[in-house]
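Keep the viewer open as you read.

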Amino acid sequence: MPCIQLLLLFLIIHKLPSLLHAEFTVILPDTSSASILDPPAQPGDASTWAHTDPSEQLAVQAIMAATGNDWAASIPDVCQGRWHGIECVPGVDGDVYHVVSLSFGALSDDTAFPACSTGATLSPAILSLPHLHSLFFYRCFTSNPQPIPSFLGQMGPTIRSLVLRENGHVGSIPTELGNLTALRVLDLHGNQLVSTIPKSFQRLQNLQLFDLSHNSLSGAIPELKLPKLRILDLGYNALHGQIPEGFSQCGSLLKMDLSRNRLTGQIPDSIGNLANLILLDLSHNSLMGPLPVTLRKMHALKALILNSNSMQELTVPNEIFTGLNNLIMLVLSDMGLVGPVPDSIGYLSSLRVLCLDRNKFNGSIPESFKNLKNISELSVSSNKLTGPVPFGKEMVWKLGKKLRVHDNLGLCYDDRNLEWYEGIGSMYGIGKCKYENIKGQVRSAKAMGVAKHQTKHLNVRFSLKFSGAGRKYLVNYKVLLFLVFILIL
């Protein structure tokens, strides 16, 4: 949907690079150690005669051969070979290099890591790299689907990043991965993994990025109390049960995406304890109301996405959005929400995307929505809203087709602004407002079709509605008497 695309674009441009930095693909070597990728050594330097540890040399060649890269066997020293996808650092004595990072797969034209051939496998020779910090495989085993080998849980205590992304891995996640207690990044996105999330992952207390999205995982989400976790993405699985209360103890969380699962129950009140959270996506589940009022405590929140949770006949408390001044995106579509649209939304000055469509909101669009100066997409279509559209000329023209107000019970526009409403696609299907005299007040002369000098002296007016040719008319008492007189004759 357009709302989600806008959010992704915003995060890619403004946020994620700074959040993930070098952690997504390769953990950079410690700055305290010189890298083989440093400037060329001067004559007499140790690096001119340093060599790769012999056992690690053999291990790398075996790993390369298992992925179909037999050419590595002809390289006398893999650390001196300087190809993309391998990083080495000198040992304590400076005369031996150790392999700290291996990466495979064509991530982009700028990162041409060694590709994997048909029939590629993961070699257990990885266990012969005791200094390995980062292991990265991207789209390497799609032609030869295979389980994630359990021997990866035996990697050394230095491993910080394990990325097995879009590899076509099948089967369950090995519980042995919970032994890698130094991990900062665990990314198994986009495979064909089934079964449950191992409870052993609770031991990964140093984890900062945890991505199991776009698999076929089922079962309940285990209690994961990971204090250093910043990015949590479990979206696009078949997980069920309730949202664990333990997530409230992941105080460093910046992003939580549990979308497109089968989660039930209420959103826990304790979620308000995630004071640093920037993105919360719980969309496309079966969550129930009420919405926790504690959401208003999440002052850092920029995106709140709850659409497609059928919270039937739920009224949204007006105070729930008070204090969310950093909110940029609010998506509450397809939730069965009823009652008035919260007026407090109109005071979220940073809001750019607002989707309230396909609910049962009634009443009018709050006048406070005029304050949304930064809005770039606004949808309140397919509700039961009535009354005038409160937006001024500048906002209507600025939003264009991104303003969606159609398919409501009785929204209308002020015909005094007809000259700038006409021709705007977002106003198609919206009629003119009909201003009727109430409590003796005279209706506008233009809408009545009666000259001002004929109406200003009337002290008593009453109206009669009747229909004809698909239109409604308002008749004053003098016209009514004249019609009665004609009928008598």
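Predicted model: local features only at pLDDT ≥ 70, side-chain atom pairs only at ≥ 80, totals over all residues.

## Disulfides

The structure holds three disulfides, a disulfide being a pair of cysteine sulfur atoms within 2.5 Å. Residues are numbered from 1 along each chain as its sequence is written, and side-chain values use heavy atoms, with hydrogens and water left out.

Take Cys79 and Cys88 to begin with: their sulfur atoms sit 2.0 Å apart in a disulfide. This link is left-handed, with -85° about the S-S bond. Is Cys79 buried or exposed? Cys79 has a relative accessible area of 1%, so it is buried; here buried means under 20% relative accessible area, exposed over 50%, and partly exposed in between (1.4 Å probe, protein chains only). Cys88 is buried too, with a relative accessible area of 1%.

## Two links between distant parts of the chain

Cys116 and Cys140 also form a disulfide, with 2.1 Å between their sulfur atoms. The torsion about their S-S bond is about 60°, so this disulfide is right-handed. The pair links distant parts of the chain, 24 residues apart: Cys116 is in the loop between strand S5 (111-112) and strand S6 (134-138), and Cys140 is in the loop between S6 and strand S7 (161-165). Those element names come from DSSP runs (helices are H or I, at least four residues; strands are E, at least two), numbered from the N terminus. Both Cys116 and Cys140 are buried.

Further along, Cys412 is joined to Cys433 by a disulfide, S to S 2.0 Å. With a torsion of about 90° about the S-S bond, the disulfide of Cys412 and Cys433 is right-handed. This pair, too, links distant parts of the chain, 21 residues apart: Cys412 lies in strand S27 (residues 410-413), and Cys433 in the loop between strand S28 (431-432) and helix H7 (445-448). Both of these cysteines are buried, Cys433 at 5% relative accessibility. If you select Gly387 as well, you will find its C-alpha atom 7.5 Å from that of Cys433, although the two residues are 46 apart along the chain.

Another cysteine to look up is Cys250, which is buried, with a relative accessible area of 0%.

Asn309 is found in the loop between strand S18 (303-305) and strand S19 (314-315). At 1% relative accessibility, Asn309 counts as buried.

Which backbone nitrogen does the side chain of Asn309 reach at 3.0 Å? That is the backbone nitrogen of Leu287. The backbone nitrogen of Asn285 lies 3.3 Å from a polar atom of the Asn309 side chain. Leaving aside residues up to four places away in sequence, Asn309 touches Leu282, Ser283, His284, Asn285, Ser286, Leu287, Asp334 and Met335, where contact means heavy atoms within 4.5 Å.

## Salt bridges

How many salt bridges does the structure hold? There are nine, each with a side-chain nitrogen of Lys or Arg within 4 Å of a carboxyl oxygen of Asp or Glu. One of them brings together the side chains of Arg139 and Glu166 (2.8 Å, N to O). The pair links distant parts of the chain, 27 residues apart, with Arg139 in the loop between S6 and S7 and Glu166 in the loop between S7 and strand S8 (170-172).

Asp233 forms a salt bridge with Lys255, their closest N and O atoms being 3.4 Å apart. Asp233 lies in strand S13 (residues 231-233) and Lys255 in strand S15 (residues 255-257), so the pair ties together parts that are 22 residues apart in sequence. Both Asp233 and Lys255 are buried.

Asp334, one of the residues that Asn309 touches, forms a salt bridge with Arg358, with 2.9 Å between the closest N and O atoms. Arg358 is partly exposed, with a relative accessible area of 41%, and Asp334 is partly exposed at 30%. Lastly, salt bridges that share partners join Arg165, Asp187 and Asp211 into one network.

Definitions and conventions. Polar contact = N/O pair within 3.5 Å; in protein donor to acceptor, adjacent residues only side chain to side chain.
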